[in-house]
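Okay, everyone, thanks for coming. Let me put the structure up, and then I'll walk you through a few side chains.

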Amino acid sequence: MIYLAGFSPLSPHREEQLLQRCQSLIPQVKALGVQNIYFLCGADADNPQLHALIREQGDVVTPIENNQVFLVVPRLGTHSPWSSKALDIAVSSGFGVDFLEKGRVIRLQSNAEVVRDLADLLHDRMTETLIPLTT
């Protein structure tokens with residue numbers, strides 16, 4: 001499995017709005033960063049041309065000092081619509097890919113435990129899974 005870092009899926013304005021919503025629930029949240037991440041598996045998973053096909057255009061994420069990191073992926077055991085379409089395109093383009101999925105990495109700078117309180121703001125629990133990661 002290969003992991004590719006992507007760009008922020010949120011505009012600076014939307015990221016600021018999300019930060020403000022988080023701070024309204026937990027004032028100790030000081031900063032927030034969101035970044036796409038891509039998961040690839042298959043014979044051509046390390047092919048630079050495939051990497052160029054997958055990555056979108058956007059602003060590079062500015063790193064923040066973070067205390068808590070979360071991974072947001074499609075519900076475990078499912079494939080997102082993005083995955084199905086991207087896999088079809090990659091295979092049709094001649095790449096040997098068995099698995100292709102997109103998720104988000106969310107970094108929070110906070111001195112408070114935020115998993116339960118902010119979970120609904122950070123992901124859609126009907127279609128996504130929020131996985132707390134240790135740093």
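**Cysteines, a helix and some pairs**

So, disulfides: a search of the whole structure turns up zero. Keep in mind that this is a predicted model. For anyone who wants the reminder, a disulfide is a covalent bond between the sulfur atoms of two cysteines. As for the cysteines themselves, Cys-22 is buried, at 0% relative accessible area, while Cys-41 is partly exposed, at 30%.

Cys-22 takes us to helix α1. That's residues 12-25, so 14 residues, and from first C-alpha to last the helix reaches 20 Å, close to the 20 Å expected at 1.5 Å a residue. Which residues of α1 are buried? Glu-15, Leu-18, Leu-19 and Cys-22. Those four cover an arc of only 100 degrees around the axis, which puts them on the same side of α1.

Okay, aromatics. How many aromatic pairs does the structure hold? Two. Take Tyr-3 and Phe-39: the ring centres are 5.6 Å apart and the planes sit at 85 degrees, so that pair is edge-to-face. It links distant parts of the chain, with Tyr-3 in strand β1 (residues 2-5) and Phe-39 in strand β2 (residues 31-41), 36 residues apart. Tyr-3 counts as exposed, at 56% relative accessibility, whereas Phe-39 is buried, at 10%.

Then there's Tyr-38 with Trp-82, a tilted pair: 5.6 Å centre to centre, with 45 degrees between the planes. Tyr-38 lies in strand β2 and Trp-82 in helix α3, so this pair ties together parts 44 residues apart in sequence. Tyr-38 is buried, with a relative accessible area of 1%, and Trp-82 counts as partly exposed at 28%.

While we're on α3, which is residues 81-92, have a look at Ser-83 in that helix. Ser-83 is buried, with a relative accessible area of 3%. Leave aside its neighbours within four places in sequence, and Ser-83 is in contact with Leu-100 and Glu-101.

Last stop, charges. The count comes to one salt bridge. Where is it? The side chains of Arg-104 and Glu-128 meet there, at 2.8 Å, N to O. Arg-104 lies in strand β4 (residues 99-109) and Glu-128 in strand β5 (residues 128-133), so the bridge ties together parts 24 residues apart in sequence. And Glu-128 counts as buried, at 17% relative accessibility.

Methods:
Residues are numbered from 1 along each chain as its sequence is written. This is a predicted model: local features need pLDDT of at least 70, side-chain atom pairs count only at pLDDT 80 or more; totals for chains, interfaces and linings use all residues. Side-chain values use heavy atoms; hydrogens and water are left out. Helices (H or I, at least four residues) and strands (E, at least two) are DSSP runs, numbered from the N terminus. The expected span of a helix is 1.5 Å times one less than its number of residues. Buried means under 20% relative accessible area, exposed over 50%, partly exposed in between (1.4 Å probe, protein chains only). The arc is that of the directions from the helix axis to the C-beta atoms. A disulfide is a pair of cysteine sulfur atoms within 2.5 Å. Contact means heavy atoms within 4.5 Å. A salt bridge is a side-chain nitrogen of Lys or Arg within 4 Å of a carboxyl oxygen of Asp or Glu. Rings of Phe, Tyr and Trp (its six-membered ring) pair if their centres lie within 6.5 Å; planes under 30 degrees apart count as stacked, over 60 as edge-to-face and the rest as tilted.
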